[in-house]
Amino acid sequence: MDVSNMSIRLPDWTPLVEGHLATGEPIVNLAGDGEGVYDAIFVGGGAAGRFGSSYLKAMGGRPLVIDRWPFLGGSCPHQACLPHHLFSEAAALLDRERWLAGQLWFRPAGEVKASILELVELFRRGRVAGHAFMNWQTKTQLGVEYLLNTSARVLDPHTVQAGGRTFRTRNVVLGLGARQKPIDPAECPGGDLPGVYDFGTLVETLDYEPRRCVIVGGSKVAVEYGSFFQAAGCPTTIFTRNPLLRTKTMHHVDEDARRYVLDGMRKRGVEIYEGGVPLEIKGTDRVEAVVATGPDGETFHIECDFVFNGTGERPNSEPAQEWLGVEVGSAGEVVVDRRMRTSVPDVYAVGDLIGPPMEMFKARKTGVTAARNVMGESAEFDFTEYPDFLHTTYEMSWVGLTEEEARAQGYDVMVIQMPPKGLDHDDILLPCAEGTMLYAFLKPGLSGFQKCVVDRATRRILGFHHVGYGAKDAFQYLDYLLRRPEGITIDEMGQLNELFLNPEHFIQLCRLRAGGAELVDI
Ligand SMILES: Cc1cc2nc3c(=O)[nH]c(=O)nc-3n(C[C@H](O)[C@H](O)[C@H](O)COP(=O)(O)OP(=O)(O)OC[C@H]3O[C@@H](n4cnc5c(N)ncnc54)[C@H](O)[C@@H]3O)c2cc1C
Ligand SMILES: NC(=O)c1ccc[n+]([C@@H]2O[C@H](COP(=O)([O-])OP(=O)(O)OC[C@H]3O[C@@H](n4cnc5c(N)ncnc54)[C@H](OP(=O)(O)O)[C@@H]3O)[C@@H](O)[C@H]2O)c1
């Protein structure tokens with residue numbers, strides 16, 4: 001369908017995208033029928049390609065973005081972030097209902113159960129509205145040309161084919177994303193049985209209600225989906241070959257915060273085997289059991305009807321190698337410099353394609369960095385340090401050094417912590433704020449955890465760590481304050497104006513100690 005000269009109202013985009021999901025017909029939105037030379041063709045219209053092309057357009061350039069799906073935005077709104085946030089919100093609500101069951105207005109415990117299938121179907125029905133908005137916004141508000149529902153093929157750094165047409169460009173920006181790694185049949189036979197799902201196939205093809213789940217993996221996806229399945233009433237076991245959340249794709253996870261999360265998951269019934277490795281997935285028409293070995297060499301045989309693969313993603317670099325011969329690293333990532341330039345002149349790579357961290361801020365900002373360089377700026381983006389988060393039935397957010405890292409680096413560490421070290425959490429109704437007020441009064445031990453790591457010598461704050469609700473937003477700005485060249489001191493933190501009851505109590509706790517010349521733990 002050629003929408004180039006059409007003015008399509010936002011509500012009309014939803015049926016249009018839905019219709020094209022079922023057909024192979026391209027959606028064409030071009031100026032001048034795609035003639036002339038583009039400044040950059042973005043191959044892949046996910047977060048990286050959409051933000052990169054929009055930024056380039058805003059700078060006065062001419063971008064074209066091509067995606068094989070009939071919508072812009074990529075995997076985040078279709079299979080990844082959006083469903084995970086929907087499921088995690090459901091998990092948090094279910095969790096509260098379960099802990100408070102039978103008290104106040106809460107239903108009896110036996111009645112707290114949700115259908116995973118129903119929530120998946122809710123997401124499936126609703127997601128196209130998000131896709132519609134991105135197509136509408138990119139055309140109507142941002143004025144970016146696009147070609148959707150068709151795969152691109154790059155012939156050389158200045159020529160791209162898609163939808164039966166050939167386009168000319170000064171540069172190519174590759175934003176091909178990443179894909180779930182399958183369970184390796186050599187390591188664990190049965191990984192391809194019906195009933196083995198991952199984050200993508202879950203939302204695309206789940207057609208029954210899971211009753212018993214086994215998860216392979218020990219990072220964000222394993223923890224987030226595992227917490228959701230368990231909260232929905234589906235008993236879940238996680239086999240993680242390394243300690244949970246100690247994977248090399250994540251850094252700066254504070255051990256006390258990790259322990260709070262891990263103990264919390266166990267309290268809620270999730271079985272976690274650290275050092276556990278699945279040996280075989282058994283079943284005929286659908287999975288029936290997982291055989292695994294535990295940390296002490298013991299063998300487990302767990303009957304289940306649902307296996308969830310959380311073993312991570314691999315960049316989709318094969319086409320880039322085949323088309324252009326770009327240099328690729330050992331984990332399949334396209335190698336780029338800080339300007340997002342690949343080993344091939346006039347070819348950039350962005351987003352998940354260039355490897356971890358596979359997060360939205362990096363996808364979007366690498367897209368923007370490529371655009372700025374295409375437009376003649378010398379822009380660099382260093383994403384070695386960043387704020388991070390994940391969900392259990394809580395939100396866990398962190399930025400900067402952990403207490404252990406700070407000590408290992410030789411800092412004279414002062415710790416501000418709630419609940420304070422050495423106290424029994426069940427004896428204290430703090431921390432409490434959004435989302436934890438009822439816990440604080442009825443189940444204090446569930447009201448979260450927070451820690452601020454300070455360097456005594458300079459009084460500078462080195463790291464913030466939080467488990468609870470409502471603090472993730474603050475971490476976007478705490479990251480900025482922490483990583484300014486001058487950083488932020490405990491004294492400056494104490495001067496900020498809190499909006500009490502604030503989800504993170506860092507401001508007022510800093511203020512309690514800031515008057516002292518000697519900094520003492522609190
Ligand atoms: C379960 C899960 C939850 C997540 N939750 C979060 C979260 O809460 N917050 C966060 O910050 N990050 C989250 N992430 C990470 C985030 O989703 C990714 O980092 C981000 O979506 C990557 O964007 P991208 O543009 O690099 O890739 P993608 O969005 O995957 O885009 C790549 C695009 O390339 C297209 N494509 C591929 N080949 C071709 C071709 N030959 N021709 C045309 N088009 C092509 C694809 O169709 C796709 O649209 C999550 C990831 C997962 C797996
Ligand atoms: N911001 C968010 O909320 C969010 C949410 C979900 C996902 N994401 C992003 O999406 C990407 C994918 O997340 P993820 O959690 O799936 O992957 P990940 O962070 O790459 O972790 C993969 C996990 O699987 C394990 N693993 C890998 N291969 C294995 C094998 N063959 N057998 C057993 N275990 C294996 C790893 O163990 P080892 O540690 O031993 O290697 C690790 O625990 C990540 O980059 C993540 O940041 C972000």
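The entries below go through sheets, a strand and its partners, a cavity, and some single residues.

**Entry 1: the model.** I note at the outset that this is a predicted model, and I read every value below as computed from it.

Entry 2: I began with an open sheet of five strands, whose order is 11-18-12-13-14 and whose pairing is parallel. Its edges are strand 11 (196-197) and strand 14 (271-274), and because each of these has a single partner strand, one side of each is left without a neighbour in the sheet. I then looked up the pairing of strand 12 (residues 213-216) with strand 18 (residues 306-309), which run parallel and are joined by four bridges; within this pair, Val216 stands opposite Asn309 of strand 18. Helix 7 (residues 220-232) packs on this sheet, where it touches strand 12, strand 13 and strand 18, and its direction makes about 170 degrees with that of strand 12. Helix 8 lies across strand 13 and strand 14, and it runs at about 130 degrees to strand 14.

Entry 3: I followed the chain through the loop between strand 13 (236-240) and helix 8 (255-267), where Pro243 is found. Pro243 is partly exposed, with a relative accessible area of 36%, and, leaving aside neighbours within four places in sequence, it is in contact with Arg258 and Glu274. His252 is found in the loop between strand 13 and helix 8 too, but it is buried, with a relative accessible area of 9%. I also noted that His252 has a positive phi of about 65 degrees although it is not a glycine.

Entry 4: Three strands form another open sheet, in the order 15-16-17 and with antiparallel pairing. Strand 15 (277-283) and strand 17 (299-303) are the edge strands, each pairing on one side only, and neighbouring strands of this sheet are turned by 20 degrees against each other on average, direction ignored. Strand 16 (residues 287-293) runs antiparallel to strand 17 and is joined to it by five bridges, with Ala292 standing opposite Phe300 of strand 17.

**Entry 5: strand 24.** How many residues of strand 24 (residues 449-455) are buried? I found that seven of the seven are, so the strand is largely enclosed by the rest of the structure. Phe449, Lys451, Val453 and Asp455 point one way from strand 24, while Gln450, Cys452 and Val454 point the other way, and all are buried. Strand 23 (residues 413-418) runs antiparallel to strand 24 and is joined to it by six bridges, among which I picked out the pairing of Val415 with Val453. Strand 24 also pairs with strand 25 in the antiparallel sense over six bridges, and here Gln450 has His466 of strand 25 as its bridge partner. Five residues lie between the strands in the hairpin of strand 24 and strand 25, where Arg459 takes a positive phi near 65 degrees.

**Entry 6: the cavity.** Strand 25 (residues 461-468) gives the most to the lining, with three residues, and the lining as a whole divides into six nonpolar, six polar and one charged.

**Entry 7: Ser397.** Is Ser397 buried or exposed? It is buried, with a relative accessible area of 1%, and its place is in strand 22 (residues 395-400). Leaving aside neighbours within four places in sequence, Ser397 is in contact with Asp388, Phe389, Phe464, His465, His466, Lys472 and Phe475.

**Entry 8: backbone exceptions.** Most residues other than glycine have a negative phi, and most peptide bonds are trans. A cis peptide bond joins Met418 and Pro419, with omega about -5 degrees, and another cis bond, with omega about -5 degrees, joins Leu430 and Pro431. Pro419 lies in the loop between strand 23 and helix 12 (437-442), and the place of Pro431 is in the loop between strand 23 and helix 12 as well. Asn149 has a positive phi near 65 degrees; it lies in the loop between strand 5 (145-148) and strand 6 (152-156) and is buried, with a relative accessible area of 11%.

Technical notes: Residues numbered from 1 in each chain as written. Chains lettered and ligands numbered in written order. Predicted model: local features only at pLDDT ≥ 70, side-chain atom pairs only at ≥ 80, totals over all residues. Heavy atoms only, no water. Helix = DSSP H or I, 4+ residues; strand = E, 2+ residues; numbered from the N terminus. Nonpolar A, V, L, I, M, F, W, Y, C, P; charged D, E, K, R; others polar. Buried < 20%, exposed > 50% of the residue type's maximum accessible area, 1.4 Å probe, protein only. Contact = heavy atoms within 4.5 Å. Pairing = 2+ DSSP bridges. Axes fitted to C-alpha atoms, helices over the stretch in contact; angles between N-to-C directions.
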